[in-house]
Amino acid sequence: MKDLPPSPTPRKTPGSHRAPPPPSPGPAPRRTLLRWAAGAGTLAVAGAASACGHGRAASVRTSGPVTLSLWTHDQGYQDFFTHAVPRADRATRFSYRLRVTRAGAQDLVTKLLAQAVAGRGTPDVMGFEIGNYARMLRGDLSARLLRDWTRDVAPLGDDLLAARRAPYTVDGRLYALDSDTPITVYYYRDDLLSKYGIPADLGTWEELARAGSRLYAKHRVSLGAVSTGSDLNQVVQLFAILLYQRGGALFDADQRSTLDSPEAEETLRFICDGLRSGFLVDVADFYGPSMQTALKRGSVAGLWMASWYKTFGLEPNVPEQSGRWRIRALPRFSAGGGRTSVAGGTGFTAITGKANTTAGADFLRATWLTKEGQIRRYRELGYLPTRRSVFRSPELLALEDEFCGGQRLFEVFAPLADHVPAYYQSPDQSILTDVLSGYLIRAYRGDLSPREALRRATSDFRAQASR
């Protein structure tokens with residue numbers, strides 16, 4: 001814990017001069033009820049105030065044995081935190097046991113809101129998959145339910161990457177700590193590019209697209225892929241990665257839609273042209289049989305995706321191709337934009353107003369924010385650090401990745417860490433995903449021009465969204 005500032009809540013020193021945390025708000029009036037968002041199947045708040053207030057915790061624990069209730073959607077997180085208990089015991093005044101509940105990412109948020117209304121049964125610590133955290137942006141849900149980490153991370157300064165604070169920041173206050181800086185890179189089959197005479201270091205997307213078009217015409221091999229299946233989040237994600245690199249966005253810092261932009265039109269046209277030329281191919285699912293078949297046949301020799309895709313996409317689908325893959329920074333767009341993009345994340349936080357709020361916060365500080373914890377998180381889960389200094393850790397820079405032929409991946413990741421774009425969200429994110437995914441597919445198929453697809457998507461979103 002030497003690399004972290006002291007906790008802003010009283011812990012080890014009796015009579016701390018720091019002010020105690022503000023009292024938890026009492027239950028909100030029942031006149032502000034919860035409703036089911038029409039057509040979205042997700043719990044939302046009707047009215048400015050939420051009915052999700054807690055009663056004051058009877059007794060806030062500041063030391064001793066504690067059983068933390070942890071909710072997560074991923075077995076990997078469960079294993080990581082379970083293994084971290086001895087470290088947290090040594091670094092805090094608590095001795096921990098974990099009681100873990102694992103369920104779907106959307107189900108966990110629905111359950112949290114329902115249990116908060118009931119005034120009981122909420123977890124002590126919870127992980128929010130980034131897309132589902134968008135539901136916490138409605139009204140004052142985050143402020144009422146989640147611990148404010150703003151003072152905790154302030155002494156870290158810009159070492160905690162601002163881009164990974166953005167998705168969980170509301171009104172300037174930080175309510176969750178991200179699990180990852182999911183830098184997007186270009187994955188490529190080194191053996192296939194060498195075989196077909198494609199340079200691995202082409203500088204722009206336009207150059208890569210021209211080379212990919214020629215490659216497809218001669219050998220029916222593509223250098224990229226987009227998803228057109230039933231996973232709507234995935235459909236939007238593959239488009240959004242290039243959009244954010246180009247300098248566009250889905251939403252701005254004020255949660256307003258910015259989809260209808262020149263950058264979005266250019267990005268969509270680039271994908272549509274790539275599908276026509278064969279530079280790109282459409283697959284139903286980046287994790288399922290269609291992608292697995294394409295990878296095994298060698299008909300997809302490259303793709304853009306987040307840093308975690310090696311662990312969750314390539315290695316499970318084509319383990320026999322270990323040693324043949326490499327990563328590089330994304331090619332640039334000739335018209336402008338950045339060096340990389342971003343996709344994914346999960347924010348962990350403590351639930352406020354509970355007997356175990358301090359214990360939960362200290363547990364996350366000791367396991368999630370320390371340099372040691374962030375290095376271990378990459379080694380065990382494949383998730384990149386969220387602290388700038390950890391990217392330059394000698395231990396990580398020296399790691400050689402077997403699947404990528406012994407490549408030192410942090411020699412690629414570290415220079416890109418400062419170029420990751422901020423990813424802002426909206427409580428109406430799910431509406432945009434539902435609407436935009438359909439129009440993207442229509443544009444890919446040639447049913448609509450990129451301009452018309454984006455115009456219609458924006459119009460439909462505004463007709464359904466709350467802002």
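1. The structure holds 1 cavity of 30 Å³ or more, a cavity being, on a 1 Å grid over the protein atoms alone, a set of points where a 1.4 Å probe fits but cannot get out. The largest cavity has a volume of about 50 Å³, where volume is the space filled by probe spheres set on the points, which are joined across faces, edges and corners.

2. This is a predicted model, in which local features need pLDDT of at least 70 and side-chain atom pairs count only at pLDDT 80 or more, whereas totals for chains, interfaces and linings use all residues. Residues are numbered from 1 along each chain as its sequence is written, and side-chain values use heavy atoms, with hydrogens and water left out.

3. The lining of the largest cavity (residues with an atom within 4 Å of a point) includes Leu-160, Leu-161, Arg-164, Arg-165 and Asp-178. By class, this lining has 6 nonpolar, 1 polar and 3 charged residues; Ala, Val, Leu, Ile, Met, Phe, Trp, Tyr, Cys and Pro count as nonpolar, Asp, Glu, Lys and Arg as charged, and the others, Gly among them, as polar.

4. The chain has 18 helices and 14 strands, taken as DSSP runs numbered from the N terminus (helices H or I, at least four residues; strands E, at least two). Of its 467 residues, 57% count as buried, that is, under 20% relative accessible area with a 1.4 Å probe and protein chains only.

5. Helix H17, residues 429-444, reaches 22 Å from its first C-alpha to its last, close to the 22 Å expected for its 16 residues, the expected span being 1.5 Å times one less than the number of residues. Because 12 of the 16 residues are buried, H17 is largely enclosed by the rest of the structure. Its buried residues pack against strand E10, helix H8, helix H9 and helix H18, contact meaning heavy atoms within 4.5 Å. Just after H17, Gly-446 takes a positive phi of about 85°.

6. Within H17 lies Thr-433, which is buried with a relative accessible area of 11%. Leaving aside residues up to four places away in sequence, Thr-433 touches Leu-232, Asn-233 and Val-236.

7. In strand E13 (residues 325-328), Trp-325 and Ile-327 point one way and Arg-326 and Arg-328 the other way, yet all are buried. Strand E9 (residues 184-189) pairs with E13 in the antiparallel sense over 4 bridges, pairing requiring at least two bridges found by DSSP, and Arg-328 of E13 is the bridge partner of Tyr-186.

Technical notes: Buried < 20%, exposed > 50% of the residue type's maximum accessible area, 1.4 Å probe, protein only. 1 Å grid on protein atoms, 1.4 Å probe; cavity = no way out; pocket = protein on both sides within 12 Å on 5 of 7 lines; lining within 4 Å.
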